[in-house]
Amino acid sequence: MMPDHQAADDVIETLADLVRINSVNPNYANGVPEAELGRYVERYFERLGIETWRQEVYPDRPNVIARIPGRNSERRIVLEAHMDTVSTEGMAIAPWKPDIREGRLYGRGACDTKGGMAAMMHALASLVRDKTPPECEVLFAATIDEEFSYRGVVALCNSLASGAVDPSVLTNELAPQEPWHAEAAIVAEPTSLLPVVASKGVVRFKIETQGRAAHSSKPHLGVNAIAHMAHIITAIEQDTLRLSQYEHPLLGPATCNVGTVHGGVQVNFVPDRCEIELDRRLLPSEERAAVLAHYQQLVDLVAASKEGMCVIMHPPTLSDRPLETNVRAPAVLKLVAVLDELGLPSTPCGVPFCSDASKFGNLGIPSMIFGPGSIDQAHAAIEYIECSQVVQAAEIYRRFLLSYS
């Protein structure tokens, strides 16, 4: 049974409300704390009598958590969606004025990932309105900072890993004090309603070459840091070819991209410094330390072959582990069964992008990425989501919660 027209309209109305609230990550241009969006989520659940509380991560940037009791209080499922979005710079539509046209809702965050958040919120609401308690306790978390450094989900997972929530960071006396655990986690990201059980990890780091400045009319008096960096980039590009020799069955090969280059002061100077930033996507079989050691060895070999070259590899600016959940895990089988029941594609797959899911997976919690929308529309100048997928997602989450046992 799919949702009736009123239920479908309600889900889209909530999505429109979420899109109206600026929640650009504060680390980006025109960003703001996620507090206003968090208050909306909090009020939504409180009106339904659903227990909610805040987990302060940074000032005015709390995770908002809601809980529905299950028949078995010893078992728990986590649903999670992030509140922050990327910047609105370069957008070709009004970011905070949700516009519905031809079955699509347009606006920043509609796809990534307020559509999935609205669907999860309504899935929980339906359980309360229908007075149909799930077998397991359901914990829904609207988290901060996914688009920059994952601090929201890390705070949540630290609570899970430590076995208890730190009361000092909570602002609701109803917050649980017993140890936290979870049997499964579903993270809302745009997967086009495909069940994702694997994703690549990432490590980002900078490499710097140092030279000696001089006047460009006498370049022999200086050491050109950009010229030296060209040798480094060439070596990295050649090394990247080897990555295609092994492909993960769901994720394909690991990748490496030189994303930025900065060097020089002006054209009539010999540049004394150049810096590149790399984005290396990791497969589940790869460890960050080994990958970084490989690149350190690579730059050392290049430096040793060029007289006067000084090269520094800086510590990572961001890293995230890959995700790989067993396709035979009970939670995966249950989601697949729900999709089969609705006649939707159900084969577990992988995605190249990172998400909050890997942090749950790192705790040993079987985790999946699943939500409405296409990743192709995420972060786009014209961001949108198919309204029908949002409505379907709410029903899929609902059925999963009711049938998981």
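In this structure, helix α1 passes helix α3 in a right-handed crossing. Before I go on, please note that this is a predicted model.

So, the first pair. Helix α1 covers residues 5-20 and helix α3 covers residues 110-129. Their axes come within 9 Å and cross at roughly 135 degrees. Angles over 145 degrees count as roughly antiparallel, and α1 and α3 are therefore oblique to each other. On the α1 side, the contact is made by D10, V11, T14, L15, L18 and V19. On the α3 side, the residues are A110, K114, G115, M117, A118, M121 and H122. By class, this contact of α1 with α3 has eight nonpolar, three polar and two charged residues.

Next, what else packs on α3? Helix α2, residues 35-47, packs with α3 at an angle of about 20 degrees, and the two axes are 11 Å apart. Angles under 35 degrees count as roughly parallel, and α2 and α3 are therefore described that way, as roughly parallel to each other. Here too the crossing is right-handed, with α2 passing α3. From α2, the contact takes in L37, Y40, V41, Y44 and F45. From α3, it takes in K114, M117, M121, H122, L124, A125 and R129. The residues of this contact divide into nine nonpolar, one polar and two charged.

Helix α5, residues 225-240, packs with helix α6, residues 288-305, at an angle of about 135 degrees, with axes 10 Å apart. α5 and α6 are therefore oblique to each other, and α5 passes α6 in a right-handed crossing. In α5, the residues involved are H231, I232, A235, I236 and D239. They meet H294, Y295, L298, V299 and V302 in α6. That contact has seven nonpolar, two polar and one charged residues.

Last, the largest pocket. How much space lies in it? About 510 Å³. The lining is made of 19 residues, and the closest to the pocket centre are E146, E147, Y150, R204 and H379. Strands β9 (201-210) and β13 (273-282) each supply at least two residues of the lining. What is the lining like by class? Nine of its residues are nonpolar, three are polar and seven are charged.

Conventions: Residues numbered from 1 in each chain as written. Predicted model: local features only at pLDDT ≥ 70, side-chain atom pairs only at ≥ 80, totals over all residues. Heavy atoms only, no water. Axes fitted to C-alpha atoms, helices over the stretch in contact; angles between N-to-C directions. Helix = DSSP H or I, 4+ residues; strand = E, 2+ residues; numbered from the N terminus. Parallel < 35°, antiparallel > 145°, perpendicular 65-115°, else oblique. Left-handed = near helix turned anticlockwise from the far one by under 90°. Contact = heavy atoms within 4.5 Å. Nonpolar A, V, L, I, M, F, W, Y, C, P; charged D, E, K, R; others polar. 1 Å grid on protein atoms, 1.4 Å probe; cavity = no way out; pocket = protein on both sides within 12 Å on 5 of 7 lines; lining within 4 Å. Points joined across faces, edges and corners; volume = space filled by probe spheres on them.
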